[in-house]
Amino acid sequence: MSKSALKRRAREARLWLTDACFPLWSERGIGEHGLFRETLGLDHQPEDSATTRVRVQARQTYVFAEAARLGWEPETAADHVAMGIAALTGPALRPDGLAGRTLETATGRLADDTADLYDNAFALFALAAAMGSGVEVNNLAPHGNALVTHLDTLMHAPDGGYAETLPPGPKRHQNPHMHL
């Protein structure tokens, strides 16, 4: 692909993000209790479910942090980032400071409190993305540092790396470590 074709594709991708993707998920991807929806149907209508993954909260927080970084609807993007951070640093956390796996969409409370390395890696990624987005969200660094400390303390595996879940399973997996 030529340099000019690559630049054209980059412009097209940016336009798709700013004109279609960000507006769609901003309008229809927000559910109750300050949680991002898990899915939209092929008709772009919300498909509500009993739970939503903490990972979805983290990923969508990243998406809107990137939207803010790109200059899309600064106030809206900032509101969505703040909403995602509120979920990730509030109801998504277990008493020990690690993120759980799923949240109840009806109440916003933790539904499955399994500590999963993959989900915690995405929570940490979202915190970092929010810090780099220019959005003003208070106390992000302490939350990120606390999550790293909890991962190091509670999920550290004696043979190296981290336990993929708590309690640890019988097999080791590469993918959560790669994301972390």
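Read along the sequence, the protein chain follows the pattern α-β-β-β-α-α-β-β-β-α-α-β-α, which comes to 6 helices and 7 strands, where helices (H or I, at least four residues) and strands (E, at least two) are DSSP runs numbered from the N terminus. The model is a predicted one, in which local features need pLDDT of at least 70 and side-chain atom pairs count only at pLDDT 80 or more, whereas totals for chains, interfaces and linings use all residues. Residues are numbered from 1 along each chain as its sequence is written, and side-chain values use heavy atoms, with hydrogens and water left out.

The C-alpha trace of the protein chain spans about 50 × 40 × 35 Å along its principal axes. Of the 180 residues, 41% count as buried, meaning under 20% relative accessible area with a 1.4 Å probe and protein chains only. Among contacts (heavy atoms within 4.5 Å) between residues at least 6 apart in sequence, 53% join residues at least 24 apart.

Two helix pairs can be set side by side, with axes fitted as lines to C-alpha atoms over the stretch in contact and angles running from 0 to 180 degrees between N-to-C directions.

| Helix pair | Axis separation | Angle |
|---|---|---|
| H2 (residues 54-69) and H3 (residues 74-88) | within 8 Å | roughly 155 degrees |
| H3 and H4 (residues 117-132) | 11 Å | about 145 degrees |

The angle between H2 and H3 makes H2 roughly antiparallel to H3, a term that applies to angles over 145 degrees. The crossing of H2 and H3 is left-handed, that is, the near helix is turned anticlockwise from the far one by less than a right angle. In this contact, residues of H2 including Val 54, Phe 64 and Ala 68 meet residues of H3 including Ala 77, His 80 and Leu 88. The contact residues divide into 10 nonpolar, 4 polar and no charged.

The crossing of H3 and H4 is also left-handed. Here Val 81, Ile 85 and Leu 88 in H3 meet Ala 123, Ala 126, Leu 127 and Ala 130 in H4, and these residues divide into 7 nonpolar, no polar and no charged.

Gln 60 lies in helix H2 and is buried, with a relative accessible area of 12%. Leaving aside neighbours within four places in sequence, Gln 60 is in contact with Trp 25 and Phe 36.

How values were computed: Angles under 35 degrees count as roughly parallel, over 145 as roughly antiparallel, 65 to 115 as roughly perpendicular and the rest as oblique. Ala, Val, Leu, Ile, Met, Phe, Trp, Tyr, Cys and Pro count as nonpolar, Asp, Glu, Lys and Arg as charged, and the others, Gly among them, as polar. Buried means under 20% relative accessible area, exposed over 50%, partly exposed in between (1.4 Å probe, protein chains only).
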